[in-house]
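Here is a short note on the ligand sites of the structure shown below. The points are meant to be read with the model open.

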Amino acid sequence: MDISASPSIADGPVYTHQTVRLDSGLDLECGVHLAPLEVAYCTYGTLSPARDNAILVCHALTGDQYLAERNPLTGKPGWWSRMVGPGLPIDTDRYFVVCSNVLGGCMGTTGPRSICAETGKAWDSEFPPITMHDIVAAQAKLIDHLGIDRLFAVIGGSMGGMQALTWAADFPDRVFAAMPIATSPFHSAQNIAFNEVSRQAIFADPDWHDGHYRDFGAIPARGLGVARMMAHITYLSEEALSRKFGRRVRHDAATAVPASSSPSLFGEMFEVESYLRHQGSSFVRRFDANSYLTITRAMDYFDLAAEHDGDLANPFRKSQTRFCVVSFSSDWLFPTSQSRLLVRALNRAGANVSFVEIESDRGHDAFLLEEPDFDRTIRGFITGAAEHAALKAGER
Ligand SMILES: CC(=O)SCCNC(=O)CCNC(=O)[C@H](O)C(C)(C)COP(=O)(O)OP(=O)(O)OC[C@H]1O[C@@H](n2cnc3c(N)ncnc32)[C@H](O)[C@@H]1OP(=O)(O)O
Ligand SMILES: N[C@@H](CCO)C(=O)O
């Protein structure tokens with residue numbers, strides 16, 4: 001095992017970001033043995049002597065390990081800087097917080113850009129198919145490496161919530177509390193459909209080159225950008241888009257389509273079009289197309305009930321984990337109805353579960369934004385779980 005630690009360029013709370021290399025690798029569900037396995041991660045706070053205060057935060061589809069400090073690639077604050085830190089709802093004065101880049105990602109954990117040991121070349125589009133279980137198994141190797149037997153909590157939004165559920169299902173004795181947020185126990189037909197449109201946009205790009213674009217010194221920027229533009233709409237809501245942009249038109253020639261002396265169908269650009277183009281182009285600068293394909297497919301495969309004889313209660317029947325399921329009222333990508341379905345299954349399984357629907361008109365990505373009720377929900381759940389843990393420890 002080799003660990004490379006790098007100093008951070010961040011200006012946030014005390015933290016480390018590192019990559020652990022596990023030469024023993026990982027057996028994937030598809031049958032491939034992936035070795036070595038590298039997991040890039042950040043930590044915040046201090047692990048208690050009893051090693052019982054660790055919170056694993058799982059990121060969403062295009063997130064990364066830079067949870068609460070400046071992202072060195074984009075220069076932007078960590079994606080949950082407002083949630084994780086001293087005195088914040090996930091309080092790094094009390095908890096040791098871990099966030100790792102997912103398997104298949106492009107921020108340092110083994111993924112399509114990694115070198116395949118057999119060929120000596122980057123995997124690119126030959127990277128094996130992975131599942132949510134593989135993603136969680138890779139995280140479990142990191143948690144083992146950190147010497148943590150049992151996580152105090154696993155928390156995640158969107159695909160991060162799928163990981164929180166998978167942790168509770170696959171490692172019931174290792175998760176004291178779980179908070180799946182804006183998520184679902186299965187990827188719906190509508191969501192698979194959206195992912196498929198994104199993928200086809202990438203495949204249609206002349207720079208795609210069957211996924212070996214890097215051999216050609218190219219990236220399928222147009223396809224990946226369109227994929228993100230389309231997906232980004234699904235992360236918002238009609239209300240949010242109307243409030244931000246309405247039907248306003250941008251009178252900025254530099255950003256409009258090429259000028260022409262004759263009347264043009266596209267002579268003016270709506271602000272919302274400009275916004276989506278910005279979201280598409282900034283995404284292309286930070287994300288890899290093969291990672292996007294790999295991870296979206298892992299989401300599509302996710303269906304906990306189907307893997308357990310069609311009954312979503314089955315994976316949680318012996319669970320001692322305390323769950324808090326959170327949804328957002330305007331999330332049409334992972335609607336509240338899917339969270340309710342999960343809560344009913346957890347109840348059928350006899351699990352300890354609470355459920356909160358946060359009133360918000362900002363759509364799916366509300367979990368990334370300032371939502372005071374959401375912050376209170378996270379803080380309350382963690383505080384209650386800690387009190388329960390202390391009571392249980394006192395009983396022993
Ligand atoms: C859970 C995880 O793991 S994190 C996941 C990975 N990260 C993400 O998905 C973040 C990307 N998502 C977003 O940015 C989402 O829009 C949100 C909802 C989270 C952010 O919402 P807000 O803070 O309200 O930002 P908003 O949606 O207005 O976007 C701001 C950006 O759009 C740009 N913008 C705004 N209006 C326009 C316009 N008319 N034309 C062009 N650009 C525009 C801003 O300049 C800003 O750009 P920057 O991000 O490069 O600084
Ligand atoms: N916008 C977030 C959530 C998507 O589910 C992301 O890109 O990861």
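**Ligand sites**

1. Ligand 1 has 22 residues around it, of which K76, E271, S274, Y275 and H278 come nearest; a residue counts as near if one of its heavy atoms lies within 4 Å. This is a predicted model, in which local features need pLDDT of at least 70, side-chain atom pairs count only at pLDDT 80 or more, and totals for chains, interfaces and linings use all residues. Residues are numbered from 1 along each chain as written, chains are lettered from A and ligands numbered from 1 in written order, and side-chain values use heavy atoms, without hydrogens and water.

2. Which element gives the largest share of the shell around ligand 1? It is α6, with 5 residues. Domain 1 (17-190 + 304-395) and domain 2 (192-295) each supply at least three residues to this shell; the bounds come from an automatic or database domain assignment.

3. Ligand 2 is surrounded by residues that include S158, R228 and Y235. An oxygen atom of ligand 2 is 3.3 Å from a polar backbone atom of L61, and a polar side-chain atom of H364 lies 3.1 Å from an oxygen atom of the ligand. D365 has a side-chain N or O atom 3.0 Å from a nitrogen atom of ligand 2. The protein covers 94% of the 260 Å² of accessible area that ligand 2 has on its own.

Methods. A polar contact is a pair of N or O atoms within 3.5 Å; within protein, one must be able to donate a hydrogen and the other to accept it, and residues adjacent in sequence count only if both atoms are side-chain atoms. Accessible areas come from the Shrake-Rupley method with a 1.4 Å probe; for residues, only the protein chains shown count as cover. Helices (H or I, at least four residues) and strands (E, at least two) are DSSP runs, numbered from the N terminus.
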